[in-house]
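Please look through the sequence and the model shown here, and then read the briefing that follows.

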Amino acid sequence: MREAITSAAGSKVGRRLPDAPLDAVAALGRGVFAACRATGSLTLFALSGVSHLLRPPFYGRMFLRAFIEFGYFSLPVVALTAIFTGMVLALQSSTGLARFSAETAMPSLVVLSITRELGPVLAGLMVAGRVGAAMAAEIGTMRVTDQIDALQTLSTDPMKYLVAPRLLAGAVALPLLVLVGDILGVMGGFLIATVSLGFNAATYLRNTVDYLQTIDVVSGLVKAAVFGFIIALLGCFHGYSSRGGAQGVGAATTSAVVAASVLILAFDYGLTELFFAK
Amino acid sequence: MTDALTAAGLHTFYGKSHILHGVSLNVAEGMITTLLGRNGAGKTTTLRSLVGLTPAREGRIVTFGQDTTRWPPFRIAALGVGYVPEGRRIFPNLTVEENLKVPNGRAGDWSIERIYALFPRLAERKSNRGRQLSGGEQEMLAIARALLLNPRLLILDEPSQGLAPRVVQEVFAIVARMRAEGISVLLVEQNVRQSLAVADHAFVLDDGMVVWSGPAVELAADETRVRTLTGATAEDWEGAAPRVLPAG
Ligand SMILES: Nc1ncnc2c1ncn2[C@@H]1O[C@H](COP(=O)(O)OP(=O)(O)O)[C@@H](O)[C@H]1O
Ligand SMILES: [Mg+2]
């Protein structure tokens, strides 16, 4: 069919010219198909993973392992990110607010930015780079060295044994990390404000707390739970579907991090809309 | 006599390459059946089809009276089919004890304590990670792990591959012991002479087809035929020690 079109066109005009638009359409079609297929299999993978969280047997040890890997070992990187973010926010907003003589709004601005937005997003992105990559590498290695096959022949469902505990660990650990990050971020801002911007410590803390609402913190933690789930999901998914030796595992690692980061930003928008759009 | 497993006319593909061209074989209950053949003959592929990892596109597999042709691997395993893959495939990052906790089989006599009694070496190394074990220890762990499924049928893919002669003896002794335990065995081996010595029945595979089948003693008696059929080298034949303890 395709040949027929090309050759019919080719007999009149040149050979390459009429091909170009067709190629573009074909490439677009292929791209759309591939995207749909990927979305579909990712969704099925997620549903299967979650369904295993509801049916026994449960692998508590695997959850604990994943939780420690996800939460505990990410603590330093999340803590440092949060402190510096708080410090930068304080500096930036003080100079910005000074133009409107509104410096007193600075503590609220810092705490809202952190709890609602920067805490979960930055922690999510940092953890995606660290844990998402590690999960993809670990599960990918298990895939290409036939360990996942071995699990199945031991009557152990890899979705239940490897994937479900990690999904749960991600959804539980990231909110906890973000909670710690929120506190450290506010402290970072507090430090800059009191040490170098001449704020009164008690006033700063009072302003921080006074305008803070439960929803500000809760929305951030819900975001974190979703992001943690996304990080684990993409790490597991790309690792699980990796093919072709060490090279395949490397590619899976990169895809896991990139896809998780993009999805985090997309869901961040969606969740913000959900929580705060009037 | 009933069969633990019967396969008829298996056609298996990896993508587009057609590997098995109608393989039929059976494993009699309580017996050791060996599957021989040169490298690339399709032995591993046959086993992968039997345990559901690479499902056959055509043909029929009956395991313990049930049609398991389209079953996923974990269901076949749950039926009591233990599989010891080529190259062991133990979990390198888990300890020996953790490896032994992975199987999720039917209830039965095998417990981790009983495994440690049978493999004292594994008991000594129970807190070591899989990757720290020697080849022989890894093989023992892979067999032990399959036994914890409480299998009625044990399928082994080249368990003696790459092991020192003394350890090879141990592996064959364990295989013979399994029959004494009443477990049916399907054994793929390069070590032709020894597998014919422990086996009751033999199948020879070449190019994805069964080219010979019959009693193991019959094949063992005809060295020239074994050599042409299986591509066994003189070393595979002569280097092997004589018959190990036939159990039971
Ligand atoms: N994953 C695979 N993809 C494609 N071809 C394969 C794969 N595994 C094995 N083969 C091919 O299938 C044939 C049979 O292989 P295998 O069953 O491993 O033989 P054996 O175990 O008897 O040495 C060989 O020609 C091999 O190259
Ligand atoms: Mg093989």
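B:Glu137 is buried, at a relative accessible area of 6%, where buried stands for under 20% relative accessible area, exposed for over 50% and partly exposed for what lies in between, with a 1.4 Å probe and protein chains only. This is a predicted model, in which local features need pLDDT of at least 70 and side-chain atom pairs count only at pLDDT 80 or more, while totals for chains, interfaces and linings use all residues. Residues are numbered from 1 along each chain as its sequence is written, chains are lettered from A and ligands numbered from 1 in the order in which they are written, and side-chain values use heavy atoms, with hydrogens and water left out.

**Salt bridges in chain B**

- B:Glu137 forms a salt bridge with B:Arg121, their closest N and O atoms being 2.8 Å apart; the term stands for a side-chain nitrogen of Lys or Arg within 4 Å of a carboxyl oxygen of Asp or Glu.
- Because B:Glu137 lies in helix H6 (residues 135–147) of chain B and B:Arg121 in helix H5 (residues 120–124) of chain B, the pair ties together parts that are 16 residues apart in sequence; helices are DSSP runs of H or I with at least four residues, numbered from the N terminus.
- B:Arg121 counts as partly exposed, at 42% relative accessibility, and salt bridges that share partners join B:Arg121, B:Glu124, B:Arg125 and B:Glu137 into one network.

**Salt bridges elsewhere**

- Over all chains, the count comes to 21 salt bridges.
- One of them joins A:Arg65 and B:Glu98, with the closest N and O atoms 3.6 Å apart, and this pair crosses between chains, from helix H3 (residues 60–70) of chain A to helix H3 (residues 96–101) of chain B.
- In that pair A:Arg65 is partly exposed at 35% relative accessibility, whereas B:Glu98 is buried with a relative accessible area of 17%.
- Within chain A, the side chains of A:Lys223 and A:Glu117 meet in a salt bridge at 3.1 Å, N to O.
- A:Lys223 lies in helix H9 (residues 214–240) of chain A and A:Glu117 in helix H5 of chain A, so this pair ties together parts 106 residues apart in sequence.
- A:Lys223 counts as buried at 0% relative accessibility, while A:Glu117 is partly exposed at 26%.

**A buried arginine without a salt bridge**

- A:Arg143, which lies in helix H5 (residues 106–144) of chain A, is buried yet has no salt bridge, and the nearest side chain of opposite charge, A:Asp149, is 4.0 Å away.
- A polar atom of the A:Arg143 side chain does lie 2.9 Å from the backbone oxygen of A:Tyr240.

**The site of ligand 1**

- Ligand 1 is surrounded by residues of chain B, among them B:Tyr14, B:Ile19, B:Arg38 and B:Lys43, where a residue is near if one of its heavy atoms lies within 4 Å.
- The residues of this shell divide into three nonpolar, five polar and two charged, and the largest share, three residues, comes from helix H1 (residues 43–50) of chain B.
- Oxygen atoms of ligand 1 lie 2.7 Å from a polar backbone atom of B:Gly40, 3.2 Å from a backbone N or O atom of B:Ala41 and 2.7 Å from a polar side-chain atom of B:Thr44.
- The protein covers 58% of the 560 Å² of accessible area that ligand 1 has on its own, an area that comes from the Shrake-Rupley method with a 1.4 Å probe.

Terms used: Polar contact = N/O pair within 3.5 Å; in protein donor to acceptor, adjacent residues only side chain to side chain. Helix = DSSP H or I, 4+ residues; strand = E, 2+ residues; numbered from the N terminus. Nonpolar A, V, L, I, M, F, W, Y, C, P; charged D, E, K, R; others polar. Lys, Arg positive; Asp, Glu negative; His and termini not counted.
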